[in-house]
Amino acid sequence: MSEPLLEVSNLVQEFTVRGGGGVKAGVVHAVSGVSFSVEPGETLGLVGETGSGKSTLARAVLQAPRPKSGSVRFRGTELVGLKHRQLVRARRHMQLVFQDPFGSLDPKWRARALVEEPLVAFKVGSKGERRRRVDELLDVVGLDPSRFGNRRPRELSGGQAQRVAIARALALDPSLIICDEAVSSLDVLIRAQVLNLLERLRSELGLAYLFIAHDLALVKQVSDRVAVMYLGKVVEIGPADSLYREPLHPYTVALLASIPSPDPEQPQAPVGKAIHGEPPSPIDPPSGCRFRTRCPRAQDLCATLEPPLRELAANHYAACHFPVTVDAPAPEASAEEAARAESTPTVPVATPTVPVATQPSRPPTVRRPS
Ligand SMILES: Nc1ncnc2c1ncn2[C@@H]1O[C@H](COP(=O)(O)OP(=O)(O)OP(=O)(O)O)[C@@H](O)[C@H]1O
Ligand code: SF4
Ligand SMILES: [Mg+2]
């Protein structure tokens with residue numbers, strides 16, 4: 001089998017926080033031993049409550065800042081420990097698109113200069129070639145270069161500015177784009193257009209995405225697989241269809257139950273399923289399973305033994321001693337029963353590709369530069 005495009009193993013990122021007088025007040029365990037992979041052309045969705053570590057994980061993958069420990073292999077190269085110059089070169093094919101294009105784009109620069117900047121930084125092509133490439137990229141993201149090329153970010157709408165950010169991310173011909181809440185601040189219509197653009201780029205350029213968002217319905221719509229994060233850990237990861245249809249981890253169940261119902265007769269989450277309370281502090285996470293202080297299925301074992309991520313259905317993993325699945329032991333089951341259940345994987349599932357909403361208008365076809 002070919003190597004994954006991105007392979008992250010046991011990634012750890014921690015921040016020391018200091019109180020008055022610079023005295024160490026504690027360590028934020030923002031990302032604690034996270035492992036996952038992304039295949040070429042795949043979209044991996046990443047969901048979790050605010051503060052669960054999604055952005056920190058994305059930045060640790062990019063080595064900005066460098067993680068405390070762990071491994072990040074991208075296109076066969078280990079990024080952790082690379083010298084700055086090699087890192088910049090290796091990272092060229094991995095780009096990040098942020099939530100707020102107005103925050104990520106320099107307000108003084110015009111759209112053309114913003115898109116050209118990575119090409120200049122990497123000394124790609126002559127001035128004329130770069131100019132043609134920039135116009136092509138603006139075209140690709142659905143912006144007429146003659147109309148929008150000379151505008152500054154504040155002269156663009158949110159959706160247009162995000163298209164400039166995407167054109168800029170595409171400039172160096174990436175194979176992976178990390179979208180950190182990239183469509184979250186856009187209104188519904190513009191969001192659908194940008195999502196369609198991302199999907200089209202994926203199919204035409206073979207791009208892969210790590211797609212980070214709060215909105216579970218949105219993540220399902222765009223992802224092949226989904227990873228769920230809680231307090232610095234991936235607690236469940238699997239094919240989108242399987243994870244949404246048969247969630248295995250109580251936290252995923254709670255997250256799914258908190259999606260507002262489209263049924264006006266039943267707007268509330270099912271009783272007893274929605275998540276309650278605030279997550280504990282990442283400075284002092286609970287022992288054993290980090291979700292145990294909010295978990296309706298928690299047992300004594302959960303406080304003493306950290307549940308490993310294990311495969312409970314085909315390609316579908318969860319870190320829970322008492323997962324929510326037909327064949328798993330009930331919450332009151334003993335530790336021995338839980339251990340026995342560990343060797344009993346359940347329902348196999350296929351990996352689906354979920355198309356995004358119908359595209360309103362189709363900008364020109366994309367081609368990779370030769
Ligand atoms: N530089 C930093 N110093 C100290 N703590 C940090 C730092 N960056 C992030 N954190 C903490 O790490 C944890 C994870 O933050 P992160 O921004 O990764 O969460 P998130 O899942 O992206 O949240 P959101 O959904 O709100 O964007 C939080 O508790 C946050 O306060
Ligand atoms: S390991 Fe225990 S506390 Fe953690 S999610 Fe599973 S049942 Fe709940
Ligand atoms: Mg974030």
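**The sheet and beyond**

Guide: An open sheet of 8 strands runs in the order β6-β7-β8-β3-β9-β10-β12-β11, with mixed pairing. Strands pair if DSSP finds at least two bridges between them. Strands (E, at least two residues) and helices (H or I, at least four) are DSSP runs, numbered from the N terminus.

Visitor: Which are the edge strands?

Guide: β6 (94-97) and β11 (310-313), each pairing on one side only. This is a predicted model: local features need pLDDT of at least 70, side-chain atom pairs count only at pLDDT 80 or more, and totals for chains, interfaces and linings use all residues. Residues are numbered from 1 along each chain as its sequence is written, with chains lettered from A and ligands numbered from 1 in the order written.

Visitor: How do β10 and β12 run?

Guide: Antiparallel, joined by 2 bridges. Glu236 stands opposite Ala318 in β12.

Visitor: On to ligand 1. Which residues come nearest?

Guide: Phe15, Ala30, Thr50, Ser55 and Thr56, out of 14 around ligand 1. Around means the C-beta atom, placed from the backbone, lies within 6 Å.

Visitor: Where does the largest share of that shell come from?

Guide: From α1, with 3 residues.

Visitor: And α4 with α7, what's the angle?

Guide: About 25°, with the axes 7 Å apart. Axes are lines fitted to C-alpha atoms over the stretch in contact, and angles run from 0 to 180 degrees between N-to-C directions. So α4 and α7 are roughly parallel, a term for angles under 35 degrees.

How values were computed. Angles under 35 degrees count as roughly parallel, over 145 as roughly antiparallel, 65 to 115 as roughly perpendicular and the rest as oblique.
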